[in-house]
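Hi,

Here is the structure I promised to pass on.

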Amino acid sequence: MHFFKKKTKNMELPTAEKLRPDDSFKHIAFIMDGNGRWATEQGMPREYGHSAGAKTMKKVCTYCCDIGFKACTVYAFSTENWKRPEKEVNAIIKILENYMDEIIRDYKSYHNHFKFIGDLSVLPPELLEKVRKVESLNLEYDQVFNIAFNYGGRSELANAFNRLASKGVTHASEDDISAEMYTAHCGDPDMIVRTGGDMRISNFLLWQAAYAELYFTDKFWPDLTEDDVDEIIRVFYSRKRRYGGI
Ligand code: IPE
Ligand code: IPE
Ligand code: MG
């Protein structure tokens, strides 16, 4: 499969100190965890942590796209996060809406396009319209920032199997299934990063994570910096990916 044929922003030249993503590291994904604990530590409500987390998301993902990742994916809201108090869920949806407004206003300052992954049918129609508008912007750029919202890996797989069945496919190949995934446009993540100290996947990119490198840090998401991304890249290149070989 050939991804990323379109226009790409000229990336920063690699320096001796800073490794830059190349063809072996196209796609980085983040499980942005720890917003609530970050806020609690400061004696603030959890919602404050989500606002701070949104700022970090914008900073870190803009950095990732600008230094040359072809795809950057963030886990913003899971299919399980509806279990949270209504006040917190509403605050997260409001943050998403503000972010959409901001992109619609400032899209020219981004050098990537945007894609949502997950079941967005639950969003209020006005917000869904803004999301679709955002997805229609900057399509001349090759690099993509994927936002996983109301995303669950199991739900994604169940939907994929149901779609294949409705097409009459009775024997699906691995490629058939990959093609039905939300990430068909950008391929699997090369590395999945989870902040916040827990070492689990929490229903994120289950199919796509088959051979992803995993990176865990105790830092809470709002504290993640561009320097941490540089360190993550360094760690990625120190790993030996064998894919079952020797
Ligand atoms: C991640 O941070 C953001 C979402 C799940 C929406 P959390 O809100 O899970 O923060 P912690 O893990 O409770 O600290
Ligand atoms: C994972 O974080 C989901 C997102 C980051 C959106 P959670 O905080 O929901 O995960 P668990 O509950 O610790 O597994
Ligand atoms: Mg959490």
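Let me start with the loop between β5 and β6, where asparagine 203 is found; helices (H or I, at least four residues) and strands (E, at least two) are DSSP runs, numbered from the N terminus. Keep in mind that this is a predicted model, where local features need pLDDT of at least 70 and side-chain atom pairs count only at pLDDT 80 or more, while totals for chains, interfaces and linings use all residues. Residues are numbered from 1 along each chain as its sequence is written, chains are lettered from A and ligands numbered from 1 in the order in which they are written, and side-chain values use heavy atoms, with hydrogens and water left out.

Back to asparagine 203: its phi is positive, about 70 degrees, although it is not a glycine. Asparagine 203 counts as buried at 16% relative accessibility (buried means under 20% relative accessible area, exposed over 50%, partly exposed in between, with a 1.4 Å probe and protein chains only). Leucine 205 is in the loop between β5 and β6 too, also isn't a glycine and has a positive phi of about 40 degrees. Leucine 205 is buried, with a relative accessible area of 0%.

Methionine 199 lies in that loop between β5 (191–194) and β6 (213–216), but methionine 199 is exposed at 66%. Together with Leu214 and Phe216, Met199 forms a nonpolar surface patch of about 290 Å² accessible area. (Patch residues have over 30% relative accessible area and no salt bridge, meaning a side-chain nitrogen of Lys or Arg within 4 Å of a carboxyl oxygen of Asp or Glu; nonpolar side chains, here Val, Leu, Ile, Met, Phe, Trp and Tyr, are joined within 5 Å, and like charges within 9 Å. Areas come from the Shrake-Rupley method with a 1.4 Å probe, and for residues only the protein chains shown count as cover.)

Now the ligand. Ligand 1 is surrounded by 13 residues (one heavy atom within 4 Å is enough), and the closest are Met32, Asp33, Arg37, Arg46 and Arg84. α1 (35–41), α2 (46–66) and α3 (86–106) each supply at least two shell residues, with the largest share, 3 residues, coming from α1.

As for N/O pairs, a polar side-chain atom of arginine 84 lies 2.6 Å from an oxygen of ligand 1. Taken alone, ligand 1 exposes 370 Å², and the protein buries 88% of that.

Cheers

Key: A polar contact is a pair of N or O atoms within 3.5 Å; within protein, one must be able to donate a hydrogen and the other to accept it, and residues adjacent in sequence count only if both atoms are side-chain atoms.
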